[in-house]
Amino acid sequence: MLLLECTPAELQTPPSPDEELGQLFVDVQMKELFPDSKTFADAEPLIPAKQILKAYEEEKTKDGFDLRAFVNQYFRFPDAPNSHFVSDTSLSPEAHINALWPILTRKPTGDVKGSLLSLPRSYVVPGGRFGEIYYWDSYFTMLGLQVSEKDSLIEGMVSNFAHLIRYQGHIPNGNRSYYLSRSQPPYFSLMVKLLAETRNNDQIVVQYLPEMLKEYYFWMGAANEDDLKKTNDLKPGEAYRRVVRLSGGYNLNRYYDDSPTPRPEAYKEDVSVAQHTGRKAEDVYRDIRAGAESGWDFSSRWLRDGKSLTSIHTTDIIPVDLNCLLYELEMTLSEAYALMEDQQHSQSFKNLAEKRKKAILQYFWNQEDGFFHDYDFVEEKQTPILSLAAVYPLFFKIATDEQAQKVTQRLKDEFLQPGGLTTTLMTTGQQWDAPNGWAPLHWMAIVGLRNYGQKEFAEKVKDVWVEENIRVYKATGRMVEKYNVYDISLLGGGGEYPLQDGFGWTNGVLLKLLSEDKK
């Protein structure tokens, strides 16, 4: 087995701003000094936090105290470097995206203040309010960077994620201290394989084996190989962090968060949801945070009634897409050990992957409606929500030919709309529901369909999505985070914040799809 680096004592991780600033943080967020709660979570204190808190205690009870003026005196707020970018719609979409890469690229930073975690290499951010790296976004951004021949930037981003795994134990949601208690959909092994393909060097998979292994242990709630065995002591229906034991000796995974508190970047919003549930606030916060870890924040997938955020119960749900990603990680670990000629460990991870594949087909496939569903392990039944997460078993070649054909038919009949594939069939006001379509899910769907010979429909999905991306760009000069696929006269919306432009994964997927037509 490879040895993993320990966290050096001198590496300092900044505390989460809600922990560091205590009551001041709560007061600022609850009084809504900023329209977007993320603004204050990203602020940089100009002097040590202890001094700010001392000043706050001394001044807040004085007559005429102005909280906004106090915050402006002691904090600096990050600029949005891309806010001054002016689009030239006479440029082709490819030229526009290539002009955006430098705008969305952040240089490595040394000592930083506030919640930002420093990274050793340059990286690409999504854009808009998202001025830091995001985990699963980055894989789809890299697809476009590969087309743009920005190989060193891809390598640097993979290196950054490896750095986070080594020193934080996992890849957090993003490089902010308030994201450290959770991750996002585990795409690191796919990034490593993309880099290996870009460099035409399969030894890169071996190079990053220690980090992929450490990420696997994180998702399995273990510290090392021996520690993995403790999850086998769970009884069916029991869960430990991100692992759930099911009958048949299967361990599958769920989204989870280690902190049962309001998210600092959405503090007041989370408090409000918890107050309207009638449930224990800590449980609600964990379910909200687990929904954020899923990347689908938020969706009817996580809602007990399929409608209201107050019914969120993410930690009860075993998601089909997450378990397909972990199947891929197990297979990649097997491949890496095979390249090292360590057949014992290679076979061990291949066995784990095959066992997970059997569980995926047993627990997520619904023969009656011909679709893959998530599984509620508390209720011991599949959830009723149909979503594009069902394409993951096609992307990773887990589905049978018959299953893939049935999924394809439902996508044709119900999901494909004038602007692309809808994320779910539910309209809830949440952004990962109808009427929105998203670039990463289109990529997963298109490749998944191609894997099973559904080339004609895959091309139709591609053409409709590309056309919508280009139409919006020509009309607005923007590549946006999500699109309204039902009514193409409208832009995407819903969720916790306004529509963002930039936009990393939209750029990446569009550039990749456009490049296919030039081969």
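**Entry 1: a helix and its surroundings**

I began with α10 and listed its buried residues: Leu209, Pro210, Glu211, Met212, Leu213, Lys214, Glu215, Tyr216, Tyr217, Phe218 and Trp219. Buried means under 20% relative accessible area, exposed means over 50%, and partly exposed is in between, with a 1.4 Å probe and protein chains only. Helices (H or I, at least four residues) and strands (E, at least two) are DSSP runs, numbered from the N terminus. Helix α10 covers residues 209-219, and eleven of the eleven are buried, so the helix is largely enclosed by the rest of the structure. Just after α10, I noted that Gly221 has a positive phi of about 65 degrees.

**Entry 2: ground rules**

This is a predicted model, in which local features need pLDDT of at least 70 and side-chain atom pairs count only at pLDDT 80 or more, while totals for chains, interfaces and linings use all residues. Residues are numbered from 1 along each chain as its sequence is written, and side-chain values use heavy atoms, with hydrogens and water left out.

**Entry 3: helix α4**

Which residues of α4 are buried? In this helix, residues 67-74, I found Leu67, Phe70, Val71 and Tyr74. They lie on the same side of α4, because they cover an arc of only 95 degrees around the axis. The arc is that of the directions from the helix axis to the C-beta atoms.

Next I looked up what covers these buried residues, and the cover includes α1 (17-30), α2 (38-41), β1 (44-45), α3 (49-59) and β2 (75-76).

**Entry 4: salt bridges**

Side chains of opposite charge can pair when their charged atoms come close. I counted a salt bridge where a side-chain nitrogen of Lys or Arg is within 4 Å of a carboxyl oxygen of Asp or Glu. How many salt bridges does the whole structure hold? The search finds 33.

I followed Arg304. Its salt bridge with Asp316 has the closest N and O atoms 3.2 Å apart. This pair links distant parts of the chain: Arg304 and Asp316 both lie in the loop between α12 (281-293) and β8 (317-318), twelve residues apart. Asp316 is buried, with a relative accessible area of 15%.

Arg304 also forms a salt bridge with Glu379, at 4.0 Å from N to O. Glu379 lies in the loop between β11 (375-376) and β12 (381-382), 75 residues from Arg304. Glu379 counts as partly exposed because its relative accessibility is 42%.

I then turned to Arg450, which meets Glu459 in a salt bridge of 3.0 Å, N to O. Glu459 is partly exposed at 30% relative accessibility, and Arg450 is partly exposed at 23%. A network of salt bridges links Arg450, Glu459, Lys462, Glu516 and Asp517.

Helix α17 (residues 439-451) and helix α19 (residues 504-516) pack at an angle of about 35 degrees, and their axes are 8 Å apart. Axes are lines fitted to C-alpha atoms, for helices over the stretch in contact, and angles run from 0 to 180 degrees between N-to-C directions.

From α17, Ala439, Pro440, Trp443, Ile446 and Arg450 meet Trp505, Thr506, Val509, Lys512, Leu513 and Glu516 of α19. Contact here means heavy atoms within 4.5 Å. By class, I found seven nonpolar, one polar and three charged residues in this contact.

**Entry 5: Thr141**

Is Thr141 buried or exposed? Thr141 counts as buried because its relative accessibility is 3%. This residue is in helix α6 (residues 135-147). Leaving out residues up to four places away in sequence, Thr141 touches Trp101, Val124, Gly504, Trp505 and Gly508.

**Entry 6: backbone details**

I looked up cis peptide bonds. One runs from Asp297 to Phe298, with omega near 5 degrees, and Phe298 is in the loop between α12 and β8. Another joins Ala434 and Pro435, with omega about 10 degrees. Pro435 lies in the loop between β14 (420-421) and β15 (436-437).

I also noted positive phi values in residues other than glycine. Asn200 has phi near 55 degrees and is in the loop between α8 (188-199) and α9 (203-207). Asn200 is exposed, with a relative accessible area of 72%. Lys397 has phi near 60 degrees and sits in the loop between α15 (392-395) and α16 (401-415). Lys397 counts as exposed at 53% relative accessibility.

Key:
Ala, Val, Leu, Ile, Met, Phe, Trp, Tyr, Cys and Pro count as nonpolar, Asp, Glu, Lys and Arg as charged, and the others, Gly among them, as polar.
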